[in-house]
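Hi,

Here is the structure I said I would pass on.

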Amino acid sequence: MDIAFSALPRALRAVVVDAARICLDLFKVMVPILIGVKLLKELGWIAYLAKPLAPLMSLVGLPPECGLTWATAIANNLYAGLAVHAALVPDMAPLTVAQATVIATMMLIAHNLFVEGAIAKRCGVGFWGQAVLRLAGALACGMLLNGVFSALGVFTDPAPLLFTPSTEDGSLWAWAFGEIKNLGMIYCVIAALVGTMRLLETLGVTRIFEAALLPFLRLMGIGGGAATITVIGLVMGLAYGSGLILHDVQKGKVAPRDVFSAISLMSLSHALIEDTLLMYLIGASLWGTFVGRLLFSLAVVAVLSRVAAGLARPRLA
């Protein structure tokens, strides 16, 4: 094993080692949270989380049953939320495309809160602050979308349900094996991203990319050092983006003042392609899940970054 590793080119060895270090930091956070969420699920405690959310559903034009859908996504992931939603649909009045878009967007903004919040905390951003930002942001965005759709009278057709949850092996071993596969996939993706970032840096592409994005991201309070990684987080996902940010913060490549804005933006809008397409399975419209969510996130982070910058300035005597 040592001989095979030493035979790898130096650049490739560096990528393997850096990816392992990034994943070690992530997995130290993720694994305990994953186990804790599994216990909550097995004990049936997630249903208790849904109770205070049910009355809030009327604020966004949804039936109270959707509170359980959102609660499941908050505690678990989008797939779990979709499975619960598909099981609840036959017992609810048919949802319109507008309603499906609202619940889908709320799940996209606030899901897997324990794991992703812990990852954000590892980067130096407060867990509870990000949790409140995502929950309040999801509710506010849902209210805005519901108001706009209702005022314009759009997306009133019944929402098609294209998602049918598969019957899975519910054993502990099957769950553990599935999570190990997921963690392995995360390592492979991060290793590929680290290698790609190193290649782009060598070719000077990142400097061009950062220069092109800097005027736009500056409005969000994000400096050039975090520009490329922020875009990766928006497109790929929070775990990947925050993992790379954590790596660059430790190496002094990203200023601490950029971390809050970058993580906040990625928290509100990440995995823009994969997760958005996933919500199409419950009949959601791209106008809410992609366009509405992204515009909302950009506006919120632009305001938050200015507020944070103002609070950070030393007061004049």
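Below is what I found, going from the whole chain down to single residues.

One thing to keep in mind: this is a predicted model.

Let's start with the overall fold. The protein has 15 helices and zero strands. Its radius of gyration is 20 Å, close to the 20 Å that the globule rule gives for 317 residues, so the protein is as compact as a globular protein of that length.

Of the 317 residues, 46% count as buried. The accessible surface comes to about 16,100 Å², and carbon and sulfur atoms account for 70% of that. As for charge, there are 21 positive and 17 negative side chains, and the centres of these two sets lie 12 Å apart.

- Helix α6 covers residues 97-109 and reaches 18 Å from its first C-alpha to its last, close to the 18 Å expected at 1.5 Å a residue. Here 13 of the 13 residues are buried, so α6 is largely enclosed by the rest of the structure.
- Cys 188 sits in helix α9, which runs over residues 172-203. Is Cys 188 buried or partly exposed? With a relative accessible area of 47%, Cys 188 is partly exposed.

Cheers

Note on methods: Residues numbered from 1 in each chain as written. Predicted model: local features only at pLDDT ≥ 70, side-chain atom pairs only at ≥ 80, totals over all residues. Heavy atoms only, no water. Helix = DSSP H or I, 4+ residues; strand = E, 2+ residues; numbered from the N terminus. Rg over C-alpha atoms; globule rule 2.2 N^0.38 Å. Buried < 20%, exposed > 50% of the residue type's maximum accessible area, 1.4 Å probe, protein only. Areas by Shrake-Rupley, 256 points an atom, 1.4 Å probe, with all protein chains shown as cover. Lys, Arg positive; Asp, Glu negative; His and termini not counted. Charge placed at Lys NZ, Arg CZ, Asp CG, Glu CD. Expected span 1.5 Å × (residues − 1).
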